[in-house]
Amino acid sequence: EHSACFPGRITEWLTFDNMHHQWLLLAACFWVIFMFMVASKFITLTFKDPDAYSAKQEFLFLTAVPDSGKLQGEQQFPEELKPTGKMLSDGQLAQPLVYMERLELIRNVCRDAALKNLSHTAVSKFVLDRIFVCDKHKILFCQTPKVGNTQWKKVLIVLNGAFPSIEDIPENVVHDHEKNGLPRLSAFSDAEIQKRLKTYFKFFIVRDPFERLISAFKDKFVHNPRFEPWYRHEIAPGIIRKYRRNRTETRGIQFEDFVRYLGDPNHRWLDLQFGDHIIHWVTYVELCAPCEISYSVIGHHETLEDDAPYILKEAGIDHLVSYPTIPPGITVYNKTKVEHYFLGISKRDIRRLYARFEGDFKLFGYQKPDFLLN
């Protein structure tokens, strides 16, 4: 009897042992999955801020990159619903809100009747001369000198096909409008101008208005790196003759002379003598007519690290060109520098300067510089 039923017991024991191993294996699998989930959560938390790394990236030059096309399985959206900018953890859009608020502010200031003389201008040939055209990608860029425009012009030169990459563009060609392959909007017929203004992606860049004036003064009258002698030898003497208070002072043009010229309500007669050279210090309103032309995006020099990639993406060219990584701190507003340049200049002259540029301060959300005015 015992020997007859012994094989059955062996079978039962083997079956039990097998099941025991399977359960152990299953438990081990669950343990591995659980540990992986914990680890991945830890990794996500540790590396949540990609910007902390991006600041350490080496300086990249603007270069044309090949069109790699859509990624496989990339989600398609109707054009009007396509999400843009950085995503928050709950899926809400973060960045575009800033750009929408900037455009809304412009619309509100443009409607303010009290500021009409400071915010409105005719879309004249002077304005159309400032706007560069890229027909291939349907882009209009309004040039605002002393706000890092050279890099944007290089982007458009490559996009227009005049040069294969940024590195191939000789420095002396960038601002030579006979050679750089950048047509101005003024070169087109009225009908073609209107068509482009209505349908193209349009943008320009601004910075704190007073800091821009300091940059213009340094670039044209102090350092003059591109060797443009007419600023020192023709424009500066004209400003000194009319605006220098101390006639025995023999030094070259001072920032105080420059401020007095710009704040003079009758500055226009000198502007006419200076011609297009005034583009380096006239208001953004006079350059780009933001109340008359409906721009798609307004970039700020102070936040260019975020704004440049956003503009490239919104213009649909981020797969063709990349903007260089901006060295930390280079675009930050420098209050100390502004205070240093305005030191010793009378409050009356500073207030007159602010009165002229108030439209720029209000339209683009720059704080009134009370520390200089009061």
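Are Tyr-261 and Phe-274 buried or exposed? Please also set out the aromatic pairing and the sheet.

Reply: This is a predicted model, in which local features need pLDDT of at least 70, side-chain atom pairs count only at pLDDT 80 or more, and totals for chains, interfaces and linings use all residues. Residues are numbered from 1 along each chain as its sequence is written, and side-chain values use heavy atoms, with hydrogens and water left out.

Both Tyr-261 and Phe-274 are buried, that is, under 20% relative accessible area with a 1.4 Å probe and protein chains only. The two residues form an aromatic pair (ring centres within 6.5 Å, with the six-membered ring taken for Trp). The pair is edge-to-face, at 5.8 Å centre to centre and 80° between the planes; edge-to-face means planes over 60 degrees apart. Because Tyr-261 lies in helix 11 (residues 255-263) and Phe-274 in helix 12 (residues 268-274), the pair ties together parts that are 13 residues apart in sequence. Helices here are DSSP runs of H or I with at least four residues, and strands are runs of E with at least two, numbered from the N terminus. In total, the structure holds 26 aromatic pairs.

As for the sheet, four strands form an open arrangement in the order 1-2-3-4, with mixed pairing; pairing requires at least two DSSP bridges between two strands. Strand 1 pairs with strand 2 (residues 139-142) in the antiparallel sense over four bridges, and Cys-134 stands opposite Ile-139 in strand 2.

Terms used:
Phe/Tyr/Trp six-rings, centres within 6.5 Å; stacked < 30°, edge-to-face > 60°. Buried < 20%, exposed > 50% of the residue type's maximum accessible area, 1.4 Å probe, protein only.
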